[in-house]
Amino acid sequence: MTHSTGSVSACLPINSDLDLVRVRQHVRQMTAQLGFGLVEQTKLVTAASELARNALVHGGGGQMECTSVSSGGIQGLRLVFSDQGPGIVDLDQALSDGYTSGEGLGMGLGGARRLVHEFSIDSRRGIGTTVTVTSWNSRPPRPREAP
Amino acid sequence: MPEQQVAEHETDPAEEVGAFLRRRREQIAQRWADAALFRTVYTVSRDDAVDAGRTVVEALAAVAVSGRVQDAEADGFTVVREQLARTAQARARAGATIAQISEEMDALRPPVTDLLLDELSESPAEHLRECTTALTVLMGTLRLVMLEATTIAGQELINRQRLELLEIATPVIKLWEGIVAVPLIGTLDSARSQVVMETLLDAVVEQHARIAILDITGVPTVDSLVAQHLMKTVAAARLMGAECIVSGIRPAIAQTIVHLGIDLSSVLTRASLADALAYALQQQGAHIVPNPASTVEPR
Ligand SMILES: Nc1ncnc2c1ncn2[C@@H]1O[C@H](COP(=O)(O)OP(=O)(O)OP(=O)(O)O)[C@@H](O)[C@H]1O
Ligand SMILES: [Mg+2]
């Protein structure tokens, strides 16, 4: 199925705690505008909070690109979090529940994947990490791939 | 003194403007004292307005002499930055917008330009043009310095208020003998969580509370960090001998927490603050007896 992609509606910096607040507010606003239900709104905002914090804490700062997308008449929101940090050496380990290299719960990355409809991650050692997530305002337009 | 005039024509226009400002400091300050910006700020004493004007002219002269008319960071401005910020703030308090303040700053230029034109009326056109340009640029830079100082002062105010908010936004409410509640509102970042934990533990000690209720109805997002903070607070309260209940978990947030995979089973939770209070009272051995005279229909 082909997705039509809107233009990037916003690109927000992620360099401080205050930026995390802005990221959450922006995603909340966008999902509300696209007609997401309260539960889907909350899920995507929470996933964005996790991924933005990872970019800030582990990636040393980065940015979030926010694009509205549509497919088969269904509206969605795509968020791309990128940083130029150290990258993730072992993706499976990072995604597993409870693994943290710091003092967190280690639930952020795996949890974010469960909170969204589509999730992909591209991380290169010494170059950085990019996580792309998409959620739709109703049932996803294609079956979700098994994680 | 024709000789001196010739010498002046060879000097750098910025330097010449600097010398001019020093010479005419008194006159400029007098004229400025009647301009809107100074008149409306120094309402009590015109002498104060003239004094303030003198300081600004002196700063402008120092900047011009140093040849940095375009540089808002020039040393000469340092002495007037605070004064300019205070002036702008006074205007803002009186209801002036940034645009208005900027306009009032702009209105300081013509009286100075007039004086300069008077003084240089005998000079060659080219030189006259260079000097007025230097003065115009200098006054533009002054305006920039003032607006910058205003913004920075505003930022400092915000930072201070943010700190104050950290403290006042965490009230501890005594609901009953031995029962305290902390309604949380807004973002629970790490700094805020620290304050919440300390406030709650202090209240547990001071009020001999056996039960502390953390109500998160006003917290918009519960992610793994917020959840971790909540769990830490609950664990700390437990160490102090108090039981901690988290209330106000809205349905959408409950579902999100489950998908996130966070296990809050170690935390006692209730849907609403009322439920939490009912539970707490029960734990204290209190009983809620419905009022038979109440007109409310039984459910
Ligand atoms: N953008 C990133 N750049 C580098 N490493 C990352 C990035 N995102 C995640 N990681 C690595 O993956 C680990 C797991 O991330 P995850 O978000 O699940 O847990 P956490 O951030 O440590 O704790 P929390 O539960 O508070 O989010 C991190 O500890 C970190 O080592
Ligand atoms: Mg994380």
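The model is predicted, so local features need pLDDT of at least 70 and side-chain atom pairs count only at pLDDT 80 or more, while totals for chains, interfaces and linings use all residues. Residues are numbered from 1 along each chain as its sequence is written, chains are lettered from A and ligands numbered from 1 in the order in which they are written, and side-chain values use heavy atoms, with hydrogens and water left out.

Start with the ligand. Around ligand 1 sit 19 residues, counted when one of their heavy atoms lies within 4 Å of it; Asn54(A), His58(A), Thr100(A), Ser101(A) and Gly106(A) are the closest. Chains A and B both supply residues here, so the site is shared between chains. The side chain of His58(A) puts an N or O atom 2.7 Å from an oxygen atom of ligand 1, and a backbone N or O atom of Gly108(A) lies 3.2 Å from a ligand oxygen. Taken alone, ligand 1 exposes 600 Å², and the protein buries 92% of that (Shrake-Rupley method, 1.4 Å probe).

Now for the two chains. In all, 18 residues of chain B are in contact with 22 residues of chain A, contact being heavy atoms within 4.5 Å. One salt bridge is counted between them (a side-chain nitrogen of Lys or Arg within 4 Å of a carboxyl oxygen of Asp or Glu). Arg53(A) and Asp223(B) form a salt bridge through their side chains, at 2.8 Å from N to O.

Terms used. A polar contact is a pair of N or O atoms within 3.5 Å; within protein, one must be able to donate a hydrogen and the other to accept it, and residues adjacent in sequence count only if both atoms are side-chain atoms.
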